[in-house]
Amino acid sequence: MDELLNTAPCGFLGFGDDGTVGLANDTLLEMLGYGREEVVGRHVEHILTVGSRIFYQTHLFPLLRLHGRAEEIFLLLRARSGESVGVLANAVRRERGGRAVYDCVVMRVRERQKFEDELLRARRVAEQARAELEAQALEMELQQQQLEEQTAELELAGEELRVINEELIEKAEEAEQLRAAAEEANRAKSTFLAVMSHELRTPLNAIAGYLQILEMGIHGPVTDAQREALGRIDRSQRHLLRLINDVLNLARIEAGRVDYLVEDVPVGEVVAAVTPMVEPQYASKGVALAAEVAPDLVARADHEKVQQVLLNLLSNAVKFTPAGGRVGVEAVRSPDAPDRLLLRVRDTGTGIPPDKLEAVFQPFVQVDVSRTRSAQGTGLGLAISRDLARGMGGDLTAESTPGEGSTFTLALPLAPEVRPGAGADGAG
Amino acid sequence: MRHDDVLVRNNVQVFGAGTRPMLFAHGFGCDQNMWRLVTPAFEDDHRIVLFDYVGSGRSDLGAYDPERYGRLDGYADDLLDVCHALDLRDVVLVAHSVSSMVAVLAANREPERFSRLVLVGPSPRYVNDPPGYVGGFERADIEGLLEMMDRNFIGWANFLAPAIMKNPDRPELGEELTASFCSTDPVIARRFAEATFFADNRDDLPRVRVPTLVLQCSDDMIAPTEVGEYVHRQIPGSTLRVLEATGHCPHMSHPEETIRAIREFLHPAGSG
């Protein structure tokens with residue numbers, strides 16, 4: 001039996017419950033390089049690597065003890081040289097001679113171990129790849145979460161914007177309503193003024209008519225004292241009529257009831273026509289009036305209304321310029337806009353504070369209320385003039401240096417044939 | 001967690017004619033079957049409680065949580081869960097190998113629940129920590145074990161089960177053992193091995209307040225005698241008993257001697 005065991009092509013090992021080796025065949029001893037006495041009588045752990053010892057204690061021994069057998073267990077045996085020898089072990093627990101023994105057959109597994117090594121390596125690579133994939137998936141999940149959070153924030157911001165937008169729309173609607181109400185009120189005011197002006201003019205006409213009748217002595221002779229009184233009534237009546245006409249004009253303009261007769265208006269002619277009309281005023285107050293008009297300047301405008309505006313500007317200028325002062329009229333092409341001309345009235349009067357420059361164009365406004373009495377007027381002149389200027393596609397603006405004087409500029413469209421590059425070189 | 005759920009999760013088995021609970025905790029690599037040769041001796045006067053840690057034996061693998069079972073604390077949770085589920089008190093806790101430290105952790109957390117600790121082959125740290133502490137292993141040795149496990153799990157799933165099933169002379173082992181014993185999921189087993197062999201529970205020993213028996217085998221390469229002596233020194237008032245038994249599993253290799261030692265610890269001579 002011993003002979004048979006010793007010549008078997010695989011290692012044989014017998015040990016007891018306590019691990020003490022009772023039998024080892026020559027094949028096993030040769031495989032590991034031990035002498036018999038180095039194995040038999042000693043604990044089986046001595047021919048195991050450390051890892052195999054733990055494995056034996058934690059897995060293999062319990063398995064053998066409780067289940068009686070184990071098959072194809074991979075173990076690393078420790079050769080006498082210290083080298084590890086991979087084997088497959090089959091073991092059975094048997095009763096022999098009244099005590100338990102484990103019969104264990106071991107077979108060297110060089111090739112198989114190599115394959116298993118490769119399998120293990122492949123598995124580790126796969127596990128590593130899986131771990132990396134999982135990490136990447138986690139990362140992607142995180143990124144997705146961040147995206148979702150950002151989206152939520154954007155949605156929140158969008159919601160806020162929507163609310164703000166709705167509020168803005170509401171406000172705009174309110175503003176539109178307010179504007180419509182204001183326009184309606186303005187229209188009502190204009191209509192009222194137009195009607196009232198008409199109603200006021202009718203009795204004034206009667207007053208004027210009867211004044212004339214009285215002055216003509218139709219109802220009897222008129223004394224000098226009476227004639228003087230009638231003269232005062234007449235002046236007051238005319239003044240009142242002028243005021244009413246102003247109001248009526250503004251009301252008409254604002255009500256959009258003014259018609260413009262647009263034609264070519266030679267500016268020189270307008271200036272020549274208006275200056276004589278105001279000369280008496282200037283002469284009596286002692287204010288000099290000078291005009292300088294570039295030749296061949298033709299506006300595209302309503303002749304009568306340009307005249308009205310210029311008249312108003314010159315009347316204003318003399319009112320607010322003290323005696324000994326000077327008022328100049330000049331007409332030039334606009335240096336900024338090639339299709340415009342500028343008609344300026346420059347005075348050496350008291351001037352207008354900068355913060356009041358726009359206010360003078362508002363209806364019923366005069367810069368200095370205290371001056372209204374001395375200067376007389378409705379305060380509608382500039383408002384009307386600007387409306388007329390704009391109605392003709394032009395504008396009326398003011399510049400001033402308080403204490404030195406003011407300049408009012410009426411801008412008007414140039415007639416096409418005198419515009420630069422229009423082809424005609426005008427009158428030679 | 002509901003109590004019934006714990007009983008299923010940890011495959012808890014309760015039997016015996018006595019009332020004093022005797023709870024057996026298995027070590028790494030096995031399951032509750034490892035106590036099979038010891039428990040019959042205590043059945044008559046104790047209430048025997050066996051269980052499998054989640055990931056071992058016939059526990060519910062679905063309950064496995066790599067976080068929880070990456071540390072021995074997670075295993076102590078299992079042990080205490082079982083105690084709570086059965087409302088165990090005055091418990092004699094018998095723990096093998098790594099379970100010794102699990103038992104220490106559990107006993108330190110709820111000392112009032114345990115009346116005795118029996119630690120079979122305990123080691124608070126397997127890896128050497130020079131100078132001053134010899135655990136018996138270097139990290140490379142543990143890596144060797146892990147490699148061995150890897151290598152055998154490749155074959156075990158295929159070869160082991162049939163081998164056990166055709167075991168003709170031990171019919172009593174039955175089919176249920178076949179399915180459970182050592183057929184642990186390799187990933188779980190590896191994590192348990194790492195939690196076990198890379199643990200350091202030395203600081204937990206002096207805090208033990210439960211009377212403790214340290215059962216030390218004569219020639220145990222996993223828990224050398226110096227380690228058993230260290231445990232005995234560190235646990236206040238503990239008893240050290242060195243067995244004639246060799247190896248690391250005296251309850252399997254030398255059940256009678258193991259039974260005798262436990263019995264003498266529970267019923268000292270003269271106490272009746």
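User: What makes helix H9 (residues 381-391) of chain A largely enclosed by the rest of the structure?

Analyst: In this predicted model, eight of the 11 residues of H9(A) are buried, so the helix is largely enclosed by the rest of the structure. Buried means under 20% relative accessible area, exposed over 50% and partly exposed in between (1.4 Å probe, protein chains only). The buried residues are A:Gly381, A:Leu382, A:Ala383, A:Ile384, A:Ser385, A:Arg386, A:Leu388 and A:Ala389. The helix itself is a DSSP run (H or I, at least four residues; strands are E, at least two), numbered from the N terminus. Just after H9(A), A:Gly393 takes a positive phi of about 85 degrees.

User: Why is A:Glu167 called partly exposed?

Analyst: Its relative accessible area is 42%. Because partly exposed covers values between the limits of under 20% for buried and over 50% for exposed, A:Glu167 at 42% receives that label. This residue lies in helix H4 (residues 110-215) of chain A.

User: Which residues gather with A:Glu167 in a patch of negative charge on the surface, and what makes a patch?

Analyst: A:Glu166, A:Glu170, A:Glu173 and A:Glu174 gather there with A:Glu167. Patches are made of residues with over 30% relative accessible area and no salt bridge, like charges being joined within 9 Å and nonpolar side chains (Val, Leu, Ile, Met, Phe, Trp, Tyr) within 5 Å. A salt bridge is a side-chain nitrogen of Lys or Arg within 4 Å of a carboxyl oxygen of Asp or Glu. Asp and Glu count as negative, and the place of a Glu charge is taken as CD.

User: How do you know that strand S6 (residues 212-216) of chain B is largely enclosed?

Analyst: Five of the five residues of S6(B) are buried, so the strand is largely enclosed by the rest of the structure. B:Thr212, B:Val214 and B:Gln216 point one way, while B:Leu213 and B:Leu215 point the other way. In a regular strand the side chains alternate between the two faces of the sheet.

User: Which strands pair with S6(B)?

Analyst: Two strands pair if DSSP finds at least two bridges between them. Strand S5 (residues 114-120) of chain B pairs with S6(B) in the parallel sense over four bridges, with B:Val214 as the bridge partner of B:Leu119. Strand S7 (residues 239-242) of chain B also pairs with S6(B) in the parallel sense over four bridges, and B:Leu215 stands opposite B:Arg241.

User: On what basis are the residues numbered, and which pLDDT limits apply?

Analyst: Residues are numbered from 1 along each chain as its sequence is written, and chains are lettered from A in the order in which they are written. Local features need pLDDT of at least 70, side-chain atom pairs count only at pLDDT 80 or more, totals for chains, interfaces and linings use all residues, and side-chain values use heavy atoms, without hydrogens and water.

Technical notes: Areas by Shrake-Rupley, 256 points an atom, 1.4 Å probe, with all protein chains shown as cover.
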